[in-house]
Every structure is written in structure tokens, then in C-alpha cells.
Amino acid sequence: VVYTQSEILQREVYLFERLDSPNREPMKHLKAICFLRPTKENVELLVQELRRPKYSVYFIYFSNVISKSDVKALAEADEQEVVAEVQEFYGDYIAVNPHVFSLNLLGCCRGRSWDPAQLTRTTQGLTALLLSLKKCPMIRYQLSSEPAKRLAECVKQVITKEYELFDFRRTEVPPLLLILDRSDDAITPLLNQWTYQAMVHELLGINNNRIDLSRVPGISKDLREVVLSAENDEFYANNMYLNFAEIGTNIKNLMEDFQRRKPKEQQKLESIADMKAFVENYPQFKKMSGTVSKHVTVVGELSRLVAERNLLEVSEVEQELACQSDHSSALQSVRRLLQSPRLSELDAARLVMLYALRYERHGSSGLPALLEELRGRGGTDRYRKLVSAVVEYGGKRVRGSDLFSPKDAVAITKQFLKGLKGIENVYTQHQPLLQETLDQLIKGKLKDSQYPYLGPNTLRDRPQDIIVFLIGGATYEEALAVFNLNRSNPGVRIVLGGTTIHNTRR
């Protein structure tokens, strides 16, 4: 996700090897640049490499802070003096979008408490992020979450221990790190999405900006896996946050533009100048052709899945469950869909999960009957277990905030007015809880009683630099919310991170 292979080639790096691949040939005419996480395994592999070096010189970069004892071990192994330099180059996380990062960790907690190895990894990822952005923040965390408090303390420990590294020029308003817990809003990752990036992740899955299209009917060999990266793909950069309807129109325009630029087949290359022009324009044409076929394929597959899985109807009911509070209508809608043969197992389970999270304590809850129907559909108890697991993870007992209550009369009116604005909102009325939390934070209204500061100091001014981190994973719907908040609040910069980036399956 940092560099494409062609970008690295332009910098005259011609060979890519993994440190742990066993049968590398010695190539003494080459210099080696090593970029590694400073883990015990990597240091051990590097020690073996330096005892019997395969290249002439080694430039070693660690993606995070490395201990003195590890540096000593490397120095002792470097008997042939092949190491030219050792540096820390903080990049111990995956930058997904310009304002979103992930640690690619699935399942970071066991029940309500951290898996110790994952806590260590998350602390490293977060501190590397702070170092690479040159921020020494004040820390706030979600009081109702024990993991949030633990992570806040671990990050603080590292900042205190490595105080020399964190000695950045003070800004007028100190940056703020806000640590939240996914279990406060288990609804957002369960909803179908209708903006391009979020929809691709929900229906096809994005893995380090790569999309696996190998299951698409009749796919050609070179499109089995495609890369969607805003850095190198202008169409994607311009469309990733737009609604699906708009993307259809934009794809059509892209196609027409492409048709116009097609080199004329009959074009007579008579003069040297003709040939020169053709050769000069060809790479650009080739690149555009790749972009067009990639997006046409992706959007075509999304449309196919939407139709096949009846997602427009499913999504409407999901939004009703998430945003409105008419129990009997919601229950009827869910029942009706559960009887449809077109509904996939995943979508059936997802609807029951949303219903359970929304109405678990309702006087006339229809949950037992819905669970029976779910069992009747699949014939197994797997999805029933998943429903209760989701409620255990993000149900009312666990949540620190009120996920569903309309905040006040003003908010209700706003919702009503939004409802009048036309059809597009039926599928996008849901706002993640994060939007509300960050909105309060920017206005200086986020309650200290629910989101206390770690340590005695508090922020007197409104925060300007905000890093918000979700234990248990963020979503692309939240990335969109942060993108919009950044756009509508000049002077405020928000970066969103999570242990992973979720869709329903994850």
C-alpha cells in the first residue's frame, strides 16, 4: 500500500526478496535495503543474514523503535562490517486512505479483555503513527471500555519512556488521541453500504487496496485481482465517496471519454511524426484502458450482486432497523424478507442481528421466533449462535453510550427534514455513532464523565488535531464520516484508525 512495484522500479530497485525466503542466491554486486518490523523473529533472521551476507552492503530500516539489546545483537553478528546504517523509520501501520489507517489485526480481544500479544502490537502501531505524524497527544478514552483504558495507559507508558523521541515542537493546541471501542456501535459494520469504497469492501472485500475478483463469472485472467488505490487511480479518488447511482453515470462518462480517445484503427501512420505521436500517446491510452476495464468490471459485479441478493430491499429494512423506532413495522419487514428464497444466509443473519441489537429488550420482542426461522432456513445453529454473540458483544448491557435514542427535539426535526430531501437518503440515512462523538468533540461538548482524560491535564481549547482509534476495527462508513467532517470543519484535522477495517463478514 505504500508503493507500487513500478514506482519502486523507477527508483532503480530491481529485486524484491523476503528476508525469510530460504534459497536466495548470493549477489555481491547488489546493495540491500531492508525494511522490517522490529520483531524478535526479524532480528533473529537478520542476525543469520549478517553472519553470512548475500549482498555487498546493508541499509537497515526498522518500522518502529528498536531496543538497544537488539542493535547490539546485530552489531555482534556483523563481523564482515557490511551494515552501512541502521535507522528507525516509523511506518508500523497500514495507511489505507489519506486520513485512515489500519493495523490489519482481526480479533484483538478475548471476551472483554485484550489478547496480550494484540495489545502490544496495537500499542506499537499507535505509537509509530504518532511518531510518523510528529504528535505528542493528550489522551482521552471511552470510560465504559476496559480495553480502551488499558490501551490508553500503554500508549502513555511508551510516550513517557521514549520522551526524547516524542519531544516535538509544541503546538498552540496540543493534539488529541481519542480511544474508542467498537462494541459501543456494533450496528455500523453490519449495514450494507452504498458509497463506492464502502460498497466494494462490503460486497467484494478490500485487502490492502486489493480486490479479489476471481469468483466473478467469466472474468478474464488479468482482472482476477485488481488494485483500487486513490494514490494511483484518479477515477477511484474522485468517486470513492460518491453514491452508487452517481458512479454509474460517471462510469458511462469515463467510457465515452475513452471511446473518443481511442487511436483510430485505420489511422495511417505515414510520416515519422505520426508514428512519434502514436507512440507518445499510447502509454496514456493503455493506462486509461486499464482503468476503464477495471472499474467497469467492479461496478458490473456490484450491480450483479445487488440484483441477485435483492439488496435494495434488504438495505431499506436495515436502515429502518438502525434509524427508526417503529417496532411492529420493523418486525413485519424482517419476517417478510426471511421468507424470501432470494435472501442469502448472510443477509438473513445480518437482519436478525440488527433486529436483536435494536429490540433486545422490547416488551413484545419477536426474537425467539426470528431465530427459529433463521434455523429453519439454514438448518444449522451457527447463525443463531452468531446472533447471540453479537448481542453479547455490542448489546445494551455493554454499550457506554445510547446508540439509538434521538438526542433531542432538534435532532428529530433534522432527521425529519432530511427525510424530505428525496429518495437518495432511504439507503444512507444511518449515521455512525462516531459522527456524533466527533461532532461533540470538535464543539468542545464531549462529556469528560464518559470520555475522561488520562492524567491530570485537560484541553482548554477546542481540539484541532484529532486521532481517533477504534479498538475492534473501524469501517469505511466511518471513514466517509471523517472525510466529511474534515471537509466541513476547516482548521480541524481528523485521522481515523482501527485494529482492522470491517465489513459484515469480518
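Is Tyr359 buried or exposed, and at what relative accessibility? Tyr359 counts as buried, at 5% relative accessibility; here buried means under 20% relative accessible area, exposed over 50%, and partly exposed in between, using a 1.4 Å probe and protein chains only. The model is a predicted one, in which local features need pLDDT of at least 70 and side-chain atom pairs count only at pLDDT 80 or more, while totals for chains, interfaces and linings use all residues. Residues are numbered from 1 along each chain as its sequence is written, and side-chain values use heavy atoms, with hydrogens and water left out.

Back to the rings. Rings of Phe, Tyr and Trp (its six-membered ring) pair if their centres lie within 6.5 Å; planes under 30 degrees apart count as stacked, over 60 as edge-to-face and the rest as tilted. By this rule there are nine aromatic pairs. One of them, Tyr196 with Tyr236, is edge-to-face, at 5.9 Å centre to centre and 70 degrees between the planes. This pair links distant parts of the chain, 40 residues apart, with Tyr196 in helix H6 (residues 196–203) and Tyr236 in helix H7 (residues 234–239); helices (H or I, at least four residues) and strands (E, at least two) are DSSP runs, numbered from the N terminus. Tyr196 is buried at 0% relative accessible area, and Tyr236 is buried at 2%. The Tyr355 and Tyr359 rings have centres 5.4 Å apart and planes at 45 degrees, so that pair is tilted. Both sit in helix H12 (residues 345–359), four residues apart, or about one turn of the helix. Tyr355 is buried too, with a relative accessible area of 0%.

Now for the strands, which pair if DSSP finds at least two bridges between them. Three of them make an open sheet in the order E1-E2-E3, with parallel pairing. Strands E1 (31–36) and E3 (83–88) stand at the edges with a single partner strand each, so one side of each has no neighbour in the sheet. Strand E2 (residues 57–62) pairs with E3 over five bridges, and Ile60 stands opposite Val86 in E3.

Glu320, in helix H10 (residues 311–323), is a charged residue of another kind of setting: Glu320 is buried yet has no salt bridge (a side-chain nitrogen of Lys or Arg within 4 Å of a carboxyl oxygen of Asp or Glu). The nearest side chain of opposite charge, Arg336, is 6.9 Å away; Lys and Arg count as positive and Asp and Glu as negative, with His and the chain ends not counted.
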